[in-house]
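Thank you all for coming.

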Amino acid sequence: MQEIYNAILDYVKTLEIIDTHEHLPGKEEYLDKNTDILKEYLIHYFSTDLLSSGLSRENYNFVVDASKPLIKRWEVVEKYWENARYTGYGRAIDLTVQELYGIERIDRSTIEKANELFLKGRSDSPYRRILKEKCKIRTCLADNMDLESDRRYFTPVYKLDTHIFFRNIDQVRQLSGEAGVAVTSFDDWLELAESMIERAISRGITVFKSGLAYERPIFYEKANYTQAEEAFNKIFKYFHLPDWASRELKIKKEFEDYMMHFVLHIINKHGLTVQFHTGIQEGNGNILGNSNPVQLSNLFLTYNNIKFDLFHISYPYYGEAIALCKMFPNVYLDMCWAHIISPHSSMEFLSEFIDTVAVNKVSAFGGDYCMVDPVYGHQLMARQNVSRVLAEKVSHGIFSVDRACRVAKMMFFDNPVEIFNLKG
Ligand SMILES: [Zn+2]
């Protein structure tokens, strides 16, 4: 078994891969300059494990304050760091510093050296060095609201949520300005959405994204025009509010439901792909049930020309996600973020997936990070996890080592090229 694993992993490590999802800034020069290793590595993910393990919010704020002495901040976080070190998030960080900085693990004796090397690396083209040379990533699908992202590294993804879900009244003015459409009625709002989406498509966008499982249940009923218009008209009661007043805006669900169907109707005509956040939400506290992928079934049934890409293996709902992917020709699964949420479940998922669904319907890796360094640790874990599962199938006589290597290349490269309409 170990020999088979080594043979497959040796091959998998040579593969150029597609990264199906990142939140990295669209250009290297946008990376935070006033940072250090603790501030950077605790932007998200591992910080969630630390807070969940008992680190107080107040102490967290101190730990990520780069103006305070590094070792004092380490002393505050050390106990929690040691508690959480063996989670997927923690392991990705240690694998990262091993490869990038030649340091076995981050701890009291290495934190200062690691920080020195991290800061040095910051000015040495981190995107080229890490994404291209170390990770062998052909392109990352970028969810960063920046359609001008550097094309050497990124393929921009169009975020649909600003058309569907209101956070703030200023959103209307901002989109209105971008689209050059004055919003004086619901019809104007629909025209604005349609013209922005069509314009993005004409500029080469092939992938869209919705992350609304953070905000509401992802069941979108068919609402009628009148209900949606009535809900939308509430925005006109807000325009007089001065800048310093709270301009937060919540309007009825019927508007959101209608808009989701409206934008999907446009994308369906073009036969493009929509990535949906499903499963666990990042951060400490949300309503997990809102993200269960079975709630999307009516959309799968209605928009047959859209390729629906379900993020994060819908963890922990991956049994449901596999069933949906088996049932629907237009549903695909995406392992982005999954290998670090739970390395164990990622392997269990992939083993069950191979036993259940055709192997062309899954993408094996997406970093899903806001910071560049740990993309390295994450993609290494992905290569190891996939190789382990494939080795297990070989040892059970399901297929040969050669075929396992071919399947790995599909999952890391050919499948995402096909699912996201990329030019290989
Ligand atoms: Zn994400």
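Predicted model: local features only at pLDDT ≥ 70, side-chain atom pairs only at ≥ 80, totals over all residues.

Strand E5 (residues 207–210) and strand E6 run parallel and are joined by four bridges, where strands are DSSP runs of E with at least two residues and helices are H or I runs of at least four, numbered from the N terminus, and two strands pair if DSSP finds at least two bridges between them. Within this pairing, Phe 208 stands opposite Val 274 in E6. E6 is also joined by four bridges to strand E7 (residues 307–310), again in parallel, with Thr 273 opposite Lys 307 in E7.

Residues are numbered from 1 along each chain as its sequence is written, and side-chain values use heavy atoms, leaving out hydrogens and water.

In a regular strand the side chains alternate between the two faces of the sheet. In E6 (residues 273–276), Thr 273 and Gln 275 on one side, and Val 274 and Phe 276 on the other, are all buried, meaning under 20% relative accessible area, with exposed being over 50% and partly exposed in between (1.4 Å probe, protein chains only).

Let me turn to the zinc ion, which is coordinated by His 21 (NE2), His 23 (NE2) and Asp 368 (OD) at 2.1 to 2.2 Å; donors here are N, O and S atoms within 2.8 Å of the metal (3.2 Å for Na, K and Ca), and since water is not among the atoms, sites may look incomplete. Of these residues, His 23 is partly exposed at 25% relative accessible area, whereas Asp 368 is buried at 3%.
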